[in-house]
Structure formats: structure tokens, C-alpha cells
Amino acid sequence: MRFELVELGPTVNKVVLVGRLDSVTVGSVETPLTAAVAASGRSAVLDMTGLEFLSSLGIRLLLSAARVVTRRGGQVVLFGVQPMVREVLTAMALDEVLPVVGTESEALARVGA
Amino acid sequence: MFVIELPLDPEGLGAAQAKVAEYLAQQGASDRLRYKVRLVLDEMAANLKLHGVFAAGPQPARAALRIEDSSVHLRLEDTAAPFDPRSTAATVLPPSLDDDKVGGLGLPLVRRMAEIRAYSRLETGWNRTDFVLNDA
């Protein structure tokens, strides 16, 4: 599991997630990933294109990071979600809490960037 | 039948998951089925590590898999205190960003992805749980 933080502008960052976010990997990325998503109170769009696996511990991490962002006035939007990851998000009704859209452009529009 | 020890530490679990994935690929299991198996193994191992009560410290679980009629039959056994995963809620309320606590998603997710066909406590002191996973 790895991620990359990209500053897209003064109010929004993009975080690119690659690999698997599960019980095997979550412990090694929890702190830096939360910091990246919640950086400076900006909104964040999460590029899920390269995230091939997500389990409940990964969901918990995404929710925790999103909670910090929203409390600071920002938003978190996911895009490019692979089908099985999308199914997991839907099964846990996470897509009702964190918006999931198809493309980066849609995600940026959603956060008002 | 493919049998493998399932360590609860991240490195050991990751290695075991890789071997299971290789076996399933060799057997022609679909991507969707392989995802479900990885998910159930990850959730059950995490549940054991976080919540399992062991008399003599955490011990690896063991998994046995076979494919029959395009379904994966998965048997998991562990030495933790008796626990029937069917006793937990099958669904959870949708998570909220207003809640400070987020958790309890793992077993409901397992129950969405797999049928838990049977649970028993063996005379040897092991839990045995049988899952069936399919492409549907």
C-alpha cells in the first residue's frame, strides 16, 4: 500500500491510493495517510483508481480521516473506485457518507474547486 | 483441498493471503471470488487479533479451501474462546462522520460477502467456522 499527496490548489488536495488497504497494511499507513487527507483543513479528492482492495479497517481509516476534514470545514470525495471496492463501500453504506463519483473532474466539482 | 496456516501478524497474514490467491488463480477462480475470499480471511484474522481471547496468547488460525461448482468452501479454525460469528448483527447502521467511534464493520461485511454455513466448537478446543462464497 502506498499513497501520494498532490496539491491541486489552495483549497483542495488529491491523494492517490495504490495497492491494498486492509489489516495487513493499515497499521503502516494510518498516521501518514490521515495526515495527508486532513492536511491543512483542505478538502481532499481521493483517487481510488489504483486501490485494488479495501477491507473494514481501511474503511475505518477513510472515515476517520474524512471526519477530521469535515470538522475543519472541508469535504472528501472519492473517484475512480474499482468495482469490487465499490461493492464493499456500498455494502457498508459508506457511499452515503463519502460521495463517490466517476472522475477527478467530477470530484473537484463536488468539492467546489 | 488447500490447507494453510493463517498467522495473525501483518507480515505472516500477507504471505498467507498471497498463497491463497495463487491457489485460487490456479483453480480458475474469478477476480470477484478471489476478492471475497481475501476479504473474509482479512476480516476474520483481524477480528481474532483485535477481539479474540486466547488462553495461551494469540495463535495462528488455519484455513482449508476447496472449489466446488464455482463456489469456494472455506473452513476456518482457531483456538480463541468460543465465538459463533452468526451471533453478531448481520447489518449495521450506516456510518456517520458525526460519530467518534467507527468500528464493528468487519463481521457484517463478512456476512454480506459470504454465507456462514456452520459453526462448531471442537472437543480439541478449536472453533470451526464454515463459509461458502460464490460469484453472485
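# A quick tour of chains A and B

Ser70(B) is exposed, since 12 other C-beta atoms lie within 10 Å of its own (12 or fewer counts as exposed, 20 or more as buried and anything in between as partly exposed, with C-beta atoms placed from the backbone). Keep in mind that this is a predicted model, where local features need pLDDT of at least 70, side-chain atom pairs count only at pLDDT 80 or more, and totals for chains, interfaces and linings use all residues. Residues are numbered from 1 along each chain as its sequence is written, while chains are lettered from A and ligands numbered from 1 in the order in which they are written.

- Most residues other than glycine have a negative phi.
- You'll find Ser70(B) in the loop between strands E2 (61-68) and E3 (71-78) of chain B (strands are DSSP runs of E, at least two residues, and helices runs of H or I, at least four, numbered from the N terminus).
- Ala93(A) has a positive phi too, near 60°.
- Its place is the loop between helix H3 (83-91) and strand E5 (100-101) of chain A.
- Ala93(A) counts as partly exposed because it has 15 C-beta neighbours inside 10 Å.

**A helix pair in chain A**

- Helices H1 (residues 26-37) and H2 (residues 56-71) of chain A pack at an angle of about 20°, with their axes 9 Å apart (axes are lines fitted to C-alpha atoms over the stretch in contact, and angles run from 0 to 180 degrees between N-to-C directions).
- That angle makes H1(A) roughly parallel to H2(A) (under 35 degrees is roughly parallel, over 145 roughly antiparallel, 65 to 115 roughly perpendicular, and the rest oblique).
- Among the residues making the contact are Leu33(A) of H1(A) and Leu61(A) of H2(A) (contact means C-beta atoms, placed from the backbone, within 7 Å).
- The contact residues split into eight nonpolar, three polar and one charged (nonpolar: Ala, Val, Leu, Ile, Met, Phe, Trp, Tyr, Cys and Pro; charged: Asp, Glu, Lys and Arg; polar: the others, Gly among them).

**Where the chains meet**

- Chain B puts 21 residues in contact with 23 residues of chain A.
- On the chain B side, H2(B) gives the largest share, eight residues.
- That side of chain B has 12 nonpolar, four polar and five charged residues.

**Confidence**

- Chain B has a mean pLDDT of 92, and 93% of its residues reach 70 or more (pLDDT is the predictor's confidence in each residue, from 0 to 100).
- The model scores ipTM 0.92 and pTM 0.93.

How values were computed
Contact = placed C-beta atoms within 7 Å.
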